[in-house]
Amino acid sequence: MGGVCPCGVRVDAFAKCVNVKFDGVNGNIRGNLTYLANVCITTLSASTLSLRFEDTETPNHFNFLFTANEITDVTCKKEGQNCVVTVHGTGLIGVTEYPFEAVFRDQVASANHDLVQSFVIKGFFNQGGAVPVAQGSIVALGCQS
């Protein structure tokens with residue numbers, strides 16, 4: 001996106017064998033999650049965010065790709081040495097639009113995994129808690145205070 005971003009996040013993360021919840025479905029579904037984001041508060045209209053779920057329990061049954069079509073808000077909050085970035089907006093699964101909230105935690109300590117603290121697609125999907133991803137796969141931008 002060029003230039004310095006006062007608040008945003010870059011994400012290229014993958015998590016394997018995660019138990020997630022779908023609205024209207026009893027119990028958890030296990031699968032792989034791929035998170036991609038390039039979000040900056042000063043260029044929200046050019047920002048991108050997506051989540052792909054690959055169902056490994058009942059192959060192909062619950063697969064989906066969620067792509068943000070509008071990112072409305074980004075907040076950055078320093079927590080100790082770490083930075084938590086929350087992204088709100090709406091996105092599409094096929095032609096259906098859903099509101100979403102994604103919370104990414106960039107852990108500074110190299111021994112710690114980064115975390116996707118939560119990813120909720122309202123009325124459709126909830127990853128059901130924090131998901132650890134590889135250190136460095138979440139890069140918070142402009143987290144000063």
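## Disulfides

With a torsion of 90° about the S-S bond, the link of Cys-83 and Cys-143 is right-handed. The pair connects distant parts of the chain: Cys-83 sits in strand β5 (residues 82-93) and Cys-143 in the segment after β10 (138-141), 60 residues apart. The S to S distance in this disulfide is 2.0 Å, where a disulfide means a pair of cysteine sulfur atoms within 2.5 Å. Both Cys-83 and Cys-143 are buried; buried stands for under 20% relative accessible area, exposed for over 50%, and partly exposed for what lies in between (1.4 Å probe, protein chains only).

By this rule the count comes to 3 disulfides. With bonded cysteines counted along the chain, the pattern is 1-3, 2-4, 5-6.

## Basis of the model

This is a predicted model, in which local features need pLDDT of at least 70 and side-chain atom pairs count only at pLDDT 80 or more, while totals for chains, interfaces and linings use all residues. Residues are numbered from 1 along each chain as its sequence is written, and side-chain values use heavy atoms, with hydrogens and water left out.

## The two other links

Cys-5 is joined to Cys-40 by a disulfide with an S to S distance of 2.1 Å. The torsion about the S-S bond of Cys-5 and Cys-40 is about 115°, so this disulfide is right-handed. Cys-5 lies in the segment before β1 (8-22) and Cys-40 in strand β2 (residues 29-40), so the pair ties together parts that are 35 residues apart in sequence. Cys-5 counts as buried because its relative accessibility is 12%, and Cys-40 counts as buried at 6%.

A disulfide also joins Cys-7 to Cys-76, with 2.0 Å from S to S. The link of Cys-7 and Cys-76 is right-handed, with 95° about the S-S bond. Here too distant parts of the chain are linked: Cys-7 is in the segment before β1 and Cys-76 in strand β4 (residues 64-79), 69 residues apart. Cys-7 is buried, with a relative accessible area of 9%. As for Cys-17, its relative accessible area is 40%, so this residue is partly exposed.

## Strands and overall form

The chain has 0 helices and 10 strands. From the N terminus on, its elements run β-β-β-β-β-β-β-β-β-β. Helices (H or I, at least four residues) and strands (E, at least two) are DSSP runs, numbered from the N terminus.

A compact globule of 145 residues would have a radius of gyration near 15 Å, and the chain has 15 Å, which agrees. This radius is taken over C-alpha atoms, and the globule rule is 2.2 Å times the number of residues to the power 0.38. Along its principal axes the C-alpha trace spans about 40 × 35 × 20 Å.

## Burial, contacts and surface

Of the 145 residues of the chain, 44% count as buried. Among contacts (heavy atoms within 4.5 Å) between residues at least 6 apart in sequence, 48% join residues at least 24 apart.

The accessible surface of the chain comes to about 7200 Å², and 51% of this surface belongs to carbon and sulfur atoms. Accessible areas come from the Shrake-Rupley method with a 1.4 Å probe; for residues, only the protein chains shown count as cover. The chain has 9 positive and 12 negative charges, whose mean positions are 5 Å apart. Lys and Arg count as positive and Asp and Glu as negative, with His and the chain ends not counted; the place of a charge is NZ of Lys, CZ of Arg, CG of Asp or CD of Glu.
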